[in-house]
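Take a look at the model below.

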2 protein chains.
Amino acid sequence: MTEKELRLKTAEIEKISHLDYFNIAISVDCVIFGYDEKELKVLLIKSDLEEFAGLHSLLGDLIRPDEDLETASYRILKDRTGLDDVYLEQVHAFGSIERHPSGRVITIAYYSLIDIKHHKLQLSHNELNWYPVSEIKKLAFDHKLIVDTCLARLQEKVLEHPVIFNLLPEKFSLRELQELYQAILGVELDRRNFRKKISIKDWLVDIDEMENDVPHRPGKLYKLKGQYKKRVHQLSNYMDAPSTSIDG
Amino acid sequence: MTEKELRLKTAEIEKISHLDYFNIAISVDCVIFGYDEKELKVLLIKSDLEEFAGLHSLLGDLIRPDEDLETASYRILKDRTGLDDVYLEQVHAFGSIERHPSGRVITIAYYSLIDIKHHKLQLSHNELNWYPVSEIKKLAFDHKLIVDTCLARLQEKVLEHPVIFNLLPEKFSLRELQELYQAILGVELDRRNFRKKISIKDWLVDIDEMENDVPHRPGKLYKLKGQYKKRVHQLSNYMDAPSTSIDG
DNA sequence: AATTAATGTGTCGTAAGTACATATTTATTA
DNA sequence: TAATAAATATGTACTTACGACACATTAATT
C-alpha cells in the first residue's frame, strides 16, 4: 500500500467512525410467521455477530435511501423466501440506545404471514430455519422482545380480521383452521362454538371438496372469500378496525 | 478566509452533502391531544419551511444519538408544554421517500394525552396553538395522515383502557367524561347505557363532592382509581391488551 | 312558588357468548 | 364383511352483554 493509499484509507475510516458516532442507522426487521405441524413458527437466521455467537436473529436489513419502509420489508421477504405476495404489517419501532452492539440502530419491526409450504428456498443451505415460537428463549439483539411484541399484535389481530388465512394453503378444513387459531392464541377452543363463530363471520366459501390425505373421516374444504384476499396491508390495523362502541 | 480555511470548509460541505445523500434522518413527531370546550384538540405550530408556508405542523425533532425514542418524545413534550408526567404511546413509523422536502426523514409518531388546563405555557407567543381535531384539513408534511392515524389508535384504545382520564382534571363528573368520549369517538352516547358501562369497568371512585361551577343541578365528582394512574406507557397497547378470545 | 334543565336510576327485548351430547361418516382392524 | 375407532357435523339451554327507552329528583333561575 502506497503512502497515498494509506492516507485515503485512513480518511475513509475516520469518516466511517464519524458516521457511526453522529448518525443513527435505521433498519427493518421482519418476524416471518409460518405454520406447520400444528405449530406457529418463525424464520430465523444464525447471527453473524460474534457478540451473539450461537444465537439466532430475525431477518432484517438497513433501509436504503431510495426505498420506503414497506419496500425494504418486501425486499427482505423476497430475498429470503422468494415470495412477494405476502401479508405484511408494521408493528413497532425499537430504538433503545444499547440495542445494537456496533452502534446506534433504530429498527422498525414488521410481521408477515406466509404459507410455509409455498416457498421454495433451500433453507438448510444458508443457516436459515423455521423455529416454533413457543421454543424461542433467547435471540440476538432485542429480537426476542420484537417477536413477543409481534406475536401479541398478531393475537389481537386474528380475533377480528381474516389475516390468518395467509398462513394456510388455499384450501383448508375447519379443523386445520381451528388448530391454527389454537396455535396462535395458545388456548384450546371448543369445536362447536368455534364453528359457529367462524360461520357468523361469513369469511369462507364451501368449495364442495373433501380432505383426502387424512387417516380418518375427511372434512369439508373451504376457501377464504375473494373479497378478503388482500394480502398487502399498510396501516391496516388502524384504518380498517372493526367498529365497536362504548355504547350506541 | 485563507486558502486553508477554504479547503477545510469545502471538505466539510462535501462531507455534509455526503451525509445528506447517504443517510436517513430519524425524528419523532408528537400528536399532543388536549380536551377543552367539549372538543378534542391538537397542539400545532406554524411550519417554518417555505414549502409549507401558511401550514401548521406537529411538534417533533430529530432523535439525538444519545437518547432513545421515548426520551426524545418526552423531551419534545417537556420543551413545548412544560409537562413531563404525560401519557405517551407510540403509534407508527412513517417513512415514504418524499415525505420531507429537505431530504430523507423517517419519523416515528407518538400521541400523548395531557390536561389542557394544566400546562402553563404562553402559547400565543410562539405560534403554538391548540386546534380542534375536527377542523384540521391540511398540515405540513404528511402530518395530517399522522394525526388521523393517531386519532384512530386513540379511538380504539379508549374503548377498553382507562387512558382518557389523562385529558381530564383530577376530579370530573360523569357528564364531562361522557362528553369527552363523544368528542373522541365522534358519536352521541346514551347517558344511561354509558353510565352502566363505566360503572361495570370499575375505574372510578366517588369522592363525595359535587360540581360547583355549573349553571344547573351539579353532578357528583369522581376520580380515577389510583391503580390505573400509570401515565407512562411503553408498548402498552400490546402488553396489556384485554383478553378476548374467539371462543372459550 | 313555578319553571327549567340537568342528574340519577331500571327494565325489557335482542344478540352474542359459553357449556355441553349425540348422531353420522369414513378408515381401520379383526 | 362386520365391528371398532376416530373424527366430522350439528343444536339447545343458560348466562352475559348490548341497546332502546321513561320517569322521578334536585338545584338554579325566573
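The model is predicted. Chain A holds six helices and ten strands. Of its 248 residues, 31% are buried.

Start with helix H2 of chain A, residues 69–81. Its 13 residues should span 18 Å at 1.5 Å a residue, and the end C-alpha atoms are 18 Å apart, which agrees. Which residues of H2(A) are buried? They are A:Leu69, A:Ala72, A:Ser73, A:Tyr74, A:Ile76, A:Leu77 and A:Thr81. In an α-helix there are 3.6 residues a turn, so residues three or four places apart point the same way. The buried residues of H2(A) pack against strands E1 (25–36), E4 (59–62), E5 (87–94) and E6 (105–113) of chain A. Strand E5 (87–94) of chain B joins these partners. After H2(A) comes A:Gly82, with a positive phi near 80 degrees.

Now turn to the helix pairs. Helix H3 of chain A (residues 143–160) packs with H4(A) at an angle of about 145 degrees, and the axes are 9 Å apart. The crossing of H3(A) and H4(A) is left-handed. H3(A) brings A:Leu154, A:Gln155 and A:Val158 to the contact, while H4(A) brings A:Tyr181, A:Ile184 and A:Leu185. By class, this contact has five nonpolar residues, one polar and no charged.

H4 (residues 174–185) of chain A also packs with H5 (residues 191–201) of chain A, at about 100 degrees, with the axes 11 Å apart. The two helices H4(A) and H5(A) are therefore roughly perpendicular. Here A:Leu174, A:Leu177 and A:Gln178 of H4(A) meet A:Arg191, A:Phe194, A:Arg195 and A:Ile198 of H5(A). Four of these contact residues are nonpolar, one is polar and two are charged.

Last, the backbone. Most residues other than glycine have a negative phi. A:Glu37 is not a glycine, yet its phi is positive, about 50 degrees. A:Glu37 sits in the loop between E1 and strand E2 (39–46) of chain A. Is A:Glu37 buried or exposed? A:Glu37 is exposed, because 9 other C-beta atoms lie within 10 Å.

B:Phe141 also has a positive phi, near 50 degrees, and is a residue other than glycine. Its place is the loop between strand E7 (128–132) and helix H3 (143–160) of chain B. B:Phe141 is buried, because 24 other C-beta atoms lie within 10 Å.

Key. Residues numbered from 1 in each chain as written. Chains lettered and ligands numbered in written order. Predicted model: local features only at pLDDT ≥ 70, side-chain atom pairs only at ≥ 80, totals over all residues. Axes fitted to C-alpha atoms, helices over the stretch in contact; angles between N-to-C directions. Helix = DSSP H or I, 4+ residues; strand = E, 2+ residues; numbered from the N terminus. Parallel < 35°, antiparallel > 145°, perpendicular 65-115°, else oblique. Contact = placed C-beta atoms within 7 Å. Nonpolar A, V, L, I, M, F, W, Y, C, P; charged D, E, K, R; others polar. Left-handed = near helix turned anticlockwise from the far one by under 90°. Expected span 1.5 Å × (residues − 1). Buried ≥ 20, exposed ≤ 12 C-beta atoms within 10 Å, placed from the backbone.
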